[in-house]
Amino acid sequence: MHYPEAISKLIESMSKLPGVGPKTAERLAFYIANKMKEEDVINFAKALISAKRDLMECTICGNITDKNPCPICQDKTRDRTIIAVVEENKDLIAMEKMKEYRGKYHVLNGVISPINGIGPQDINIPSLIERLKDDEIKEVILATNTTIEGESTAMYIAKLLEKTDIRVTRIARGLPVGGGLEYADEVTLLRAIEGRREIK
Amino acid sequence: MTRMKLKQLNLQNFRNYEKLTIHFNKNINIFIGNNAQGKTTLLESIYFLAISKSHKTYRDKELIKFGSLFSKIACELIKDDSKIKLEIIISPQGKKVLINEIEKRKISEYIGTFNVVIFAPEDLEIVKGDPANRRKFIDVEIGQISPIYIYHLNQYNRILKQRNEYLKQVVNNRIDYNYLDIVTKQLANHGSWITQSRNLFIQKLNKYANNLHQYISNFVEHLTITYYSNYALETNEITPEAIFSLYRNNYQRDLIKGNTQLGIQRDDMHFLVNGINVSDFGSQGQQRTTALAIKLSLIEFIKNETHYYPIVLLDDVLSELDDVRQTQLLNSISDKVQTFVTTTNLSGINDELIKAADVFLIDNAMILKREGDSNG
């Protein structure tokens, strides 16, 4: 069966989004055409265009922003001597929700993964190294995920900084806060034991 | 007392079964029926509930009944005094595993609750087949008792894939040795852990299998199982550091081949009967005896590691064994191990076994008759 052209274009566009298959794309397209108010559709379309036109990657830290440099990089009250390296923008958002971290960020926009054709030069590693030439920076916190690729990427960056005076730390892994030992799986427990700390 | 019993099995849209519930009251349960009626499928479902994989296929999708959207299998276990409900839902998107109605996100959190040992015609492949069969055997059996092993193995395989892809892509004059060092170090960490764990497993297996094999062969044959570690070809020291430098010494070879030459993906084990490699030079009978001894020794191995006897599944193998081997098998099982047997007919099966068993007649994915139920 043939869709009207407007619908098939819409389906095609929707399918380009992650997590949206042909069925969902079709459902969303018909929903927009049949059910949504014109005003809402116009706002939606404007928001889409603005998301692309008005947003950019911060040239300093790689964060998605509407001002370059981004508000975090411009914030004079934040600690300029510490940088947390994260994989994605959403990780930065998660860190910010904590409201405790007062240092700066560097968003890699990916991890090293030859399977996906992504090498060290394809993510924001060169810009990180460039940035670290600034004498002010005393510590780099490697806050990439605990997946294999997140781990390799963290180790890779640590190796690059081996000969500098910068302190390089890796976020801790192990038990969730408030979690009892009995509910943790064996691998998490193993990590918790490996990452144990002296308290005396 | 440590006891594990399978009390109930539920199948929904699993292979040719649309819907089925069976209760088990006895230690020995025999499924009898003609070929292609669904006997093996029952054992396959029990195996799947324990290992979360089939012993027949690696494509889970094949298990979904034709025309159905998903398949659901569940069982109720009694372990000591507590009831445990295991459940697996298989759909084309993947599978979901649950213990007592709680979904486990990682397979390593699921496996190990319920241990089985299966005896199937395919067992001969462990002895006769290529090394991949033996590695799969090692991985499944260690995995049954050690979730951490599964974790290390998954990590190793993932890193190996990344490393091989990198070796394939890299242009000679632009090798990033920093990255190569890192994936190699990760590979060495997991690889040395797995090697030690495989070594220990095979040592234990060797001890049990040795005794059993002597008995089955009427004390004329002597079985030795040896681990053939790929790392051990080049070093005696299985530590992350030693393995890492071993890899480093072979960078050029890996770069030329575009592939990781060294590692646990090349491991093997050898079965020597009276000093002769039975995989290559043994008779059919010697190979069968060896396969049986290995599987029997797993029963003791699992018992010793977990304190519970595993549940034993005998898929079409009982009638193929001669008297001595059948007796040995039955001695190992005796009254302590719950056993499920498939067969096309009862002739050739030990009378005592039949007397002690519940017999289920399977016809076209249905249970037609249940015998010997009076004193269950």
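Let's start with Lys99(A), which is exposed, with a relative accessible area of 70% (exposed means over 50%, buried under 20%, partly exposed in between, using a 1.4 Å probe and protein chains only). Keep in mind that this is a predicted model, where local features need pLDDT of at least 70, side-chain atom pairs count only at pLDDT 80 or more, and totals for chains, interfaces and linings use all residues. Residues are numbered from 1 along each chain as its sequence is written, chains are lettered from A and ligands numbered from 1 in the order in which they are written, and side-chain values use heavy atoms, leaving out hydrogens and water.

Back to Lys99(A): you'll find this residue in the loop between α5 (89-97) and β4 (104-107) of chain A (helices are DSSP runs of H or I with at least four residues, strands are runs of E with at least two, both numbered from the N terminus). Its phi is near 60°, a positive value in a residue other than glycine. Over in chain B, His307(B) has a positive phi too, near 75°, and isn't glycine either. His307(B) sits in the loop between α10 (284-306) and β12 (311-315) of chain B.

Chain A has another backbone detail to look at. The peptide bond from Asn68(A) to Pro69(A) is cis, with omega near -5°. Pro69(A) belongs to the loop between β2 (64-65) and α4 (71-74) of chain A.

Finally, take a look at Leu48(A), part of helix α3 (residues 38-53) of chain A. Leu48(A) is exposed, with a relative accessible area of 52%.
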